[in-house]
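Student: Could we go through some labels in this model and test each against its definition?
Tutor: Gladly, let us take them one at a time.

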Amino acid sequence: MDIQVRRGLSRREFLRVMGVSAAGVLAAACGAPAAAPAAAPAEGEAPAAAGEKIILRMWSHQNTAFVQTNEQLISKWQEVRPEVEIKYENFPYADFIQTIQTSMAAKNEADVMEMFGSWVQSYAKGNTLSVVPEDIVSLSEARDLFYAAPLDGYVWEGKLFGMPNEYNLENGAVLTNKRMFDEAGIPFPPEWKSWDELVEHAKKMTKWDGETMTVAGFHYITGDGLGFLLWEGILERGGEYFAEDKVHLNFLTPQAEETVQWLADMAIKDKVVDPLTFNGSTNWVGDSFFQGMVAIGFIGPWIVPVARQNHPDFPDPWEYVSAPYYGEKMAFAADAGWGKVVSPNSKHIREAWEFAKFMTMDQANARQWNVGTGTVPALKSVAEDPTLLNDLNWLGPSLKVLPYGRFVGDLQDRDFVWYTVIETRITETLQGQHTVKECLQLMHDEANAMIDSKIGA
Amino acid sequence: MAIAASRRRPLSRSQQWFAASALTPIMLYMMAFTLLPMIWAVLITFFRYSPTRQGGLLGLGGGNPFVGLSNYADLFSDSPSGKLFRIAVQNTLIFALAVLPLNLALTLPLAALIESINERLKTVFRTIYFLPTVTSLVAVSLVWGVIYNPTFGLLNLVLRSLGLKGMAWLSDPQTKVLGIALPMFCLIITYVWQDMGYNLVIFIAGLQSIPDVFHEAARVDGANAWQRFWLITLPLLRPTLTFVIVMTMLSSWQVFVIFYVMTRGGPGNATRTLVLHIYETAFRHQEMGLAATMAMALFLMILVTTLVQLRVLRQEWEY
């Protein structure tokens, strides 16, 4: 009998199959070649042909108030500009950052992105954002229209890379619980002339159950709060936190030492907050205040819409009260808040900037955005509108301080400086692990080592 | 005529093509979502790469320059990232080496106990202990975060009701338990609580696979319960034990959610583990080249650990 032996898949055939598969995968992964990135559109760039519908993609993070407000404004835009359709997508916050980063690498990010101002300079440095055309708004015009603190986050090397909607403010006002003031016999609302007066009131409202603090008189120990109080303390004492080269940081100044000592004294000597049980990760002020565990809380007014969602049944009356400041004149540093930027890979850069201008520079629209999201306005005309307080009634004390802020500046890696260095070392100092001088030296060395690694020094 | 030993018939040409085409989709999937990302991850370890900077081909070069082995050298340097990397490695080792014996010490005796009771109760207990395993780790982390809350958490409420002092379970950087920082110790407890059901079920299956004849023979020979467990059950359970030890170590090296939700690496980096550090380096500090380098280091550490375990725990017999 003739037995025919059939071969299995030969090596050549196997490699052929693998090669075809790999080629298919590579073709799918690489995709069509992306359009070459462009900076500002050329002068006199022709608009879309008559009748042609332009589609722009807009991205934002997923926050109910933000999404609803953006959708309302997009509808308004469609009535005015029906030929430019906006496709709006939103992402959970953690996914949003990754989505932007990975899509930029593939050059297929959205035409318009609602970006947090603290991120903008790092993207601008990397040439991954479009410059605002001069005829949309020049930098000098923008400086007249917007407050310096939010606007300067969108400026890099003398060019404007976006327009802010929000002034991300932490300083100037503090949350106060009226019930606790009343129970302690303290007049409400308080009118503090100095931080010492605030601390005295806080001490009266601090409560203990044995050795456990159950109510913090003044809770300021948060990742954001410690940084903002540090900058404010240094600036109001006549100091500067940037070194002479304007790149490195200098924490070894007398003003920095006085400020950190003041922060430490409030916790260690005055005991208005227990840093072990009230800090950035345990009993965070944004929650603990609205759980009745904090009498005076240092956190920006952006928390109000969040707190109303997370703690809708909080019964105590509360309001923002003007915070005291050190010295003769208030001075503080702020992050730039949420605003609109445009991708240099957009096929309709002109229309994208027109849409961004519609959202940020039209007074009525910018006001609607701030009211809908519960945020502090970056546009001066909105902040100075007396009717704004009819809709955002907690903003009164905060609006008074807007002119005194400056943009925090390019820290190279903002989160590293703020959380890994400042929050960690100052919290450790408040918990008794370092002296003030040790804390300052650690912050100085660690922050500047990071800066050196970023600038390639 | 002698009957030739049966030979496995080779596939026909049409069968070969069918097999190849059936396997192609999963192969494409594996290549697109596993192999290619792995190759990309290795590639960017040689670049100072951030997607926020514009580069050349595939985003490499230009604003994302080639740096050779500089990222690898950075892990061992005195730079801030190097120091944090070594802290993260140390914390991860502490976590993994603490979780393993604690997990085994709890799950193996528990499995033996459950296996010794009647069938109906066995099912009830198995379900109860497995429930945390199927619960979302985020939900578990949030609930345990509330339990550990120093002001109103259940633990401190119980302690204070007994006249004892409450503790700052997740934020006390100085207290240590058995040489482990208190917050890390609390996270170990949380993780073991959530994960033990998985090992328990595997051990129960392993115990059920041991033939009764060995226990009966031992009983006949006069062995007591402890002797049967130590001399019969445990050796015969070795394959299962090997699997559990390897899988527990593998997952311990890669835990992320409880650290991210409960402490974010604090207080003062006391609970900063490697995967959390990689995530923050990549997406918070936007240094993906460095993060990919750390991921390669993690891969090598897990590989070495697993190979050592398999070598030490190998057996040369089976039943």
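Student: Why is B:Glu115 called partly exposed?
Tutor: First, a word on the source: this is a predicted model, in which local features need pLDDT of at least 70, side-chain atom pairs count only at pLDDT 80 or more, and totals for chains, interfaces and linings use all residues. Residues are numbered from 1 along each chain as its sequence is written, chains are lettered from A and ligands numbered from 1 in the order in which they are written, and side-chain values use heavy atoms, leaving out hydrogens and water. Now your question: buried means under 20% relative accessible area, exposed over 50%, and partly exposed in between (1.4 Å probe, protein chains only). B:Glu115 has 22% relative accessibility, so it counts as partly exposed.

Student: What makes B:Glu115 and B:Lys122 a salt bridge?
Tutor: The term requires a side-chain nitrogen of Lys or Arg within 4 Å of a carboxyl oxygen of Asp or Glu. The closest N and O atoms of B:Glu115 and B:Lys122 are 3.6 Å apart, and they form a salt bridge. B:Lys122, at 5% relative accessibility, counts as buried. Over all chains, the count by this rule comes to 36 salt bridges.

Student: How do you know that B:Arg86 and B:Asp78 form a salt bridge?
Tutor: Their closest N and O atoms are 3.7 Å apart. B:Asp78 is exposed because its relative accessible area is 62%, while B:Arg86, with 32%, is partly exposed.

Student: Why are B:Glu280 and B:Arg284 said to be about one helical turn apart?
Tutor: They are 4 residues apart in helix H12 (residues 274-284) of chain B, so about one helical turn separates them. Helices here are DSSP runs (H or I, at least four residues), as strands are (E, at least two), numbered from the N terminus. The side chains of B:Glu280 and B:Arg284 meet in a salt bridge at 3.6 Å, N to O. B:Glu280 counts as buried at 3% relative accessibility, and B:Arg284 as partly exposed at 28%. Salt bridges that share partners join both into one network with A:Asp224, A:Asp335, A:Arg414, A:Asp415 and B:Arg272.

Student: What makes B:Asp172 a buried residue with no salt bridge?
Tutor: The nearest side chain of opposite charge, B:Lys165, is 7.4 Å away. For charge, Lys and Arg count as positive and Asp and Glu as negative, with His and the chain ends not counted. The side chain of B:Asp172 does reach the backbone nitrogen of B:Gln174 at 2.9 Å.

Conventions:
A polar contact is a pair of N or O atoms within 3.5 Å; within protein, one must be able to donate a hydrogen and the other to accept it, and residues adjacent in sequence count only if both atoms are side-chain atoms.
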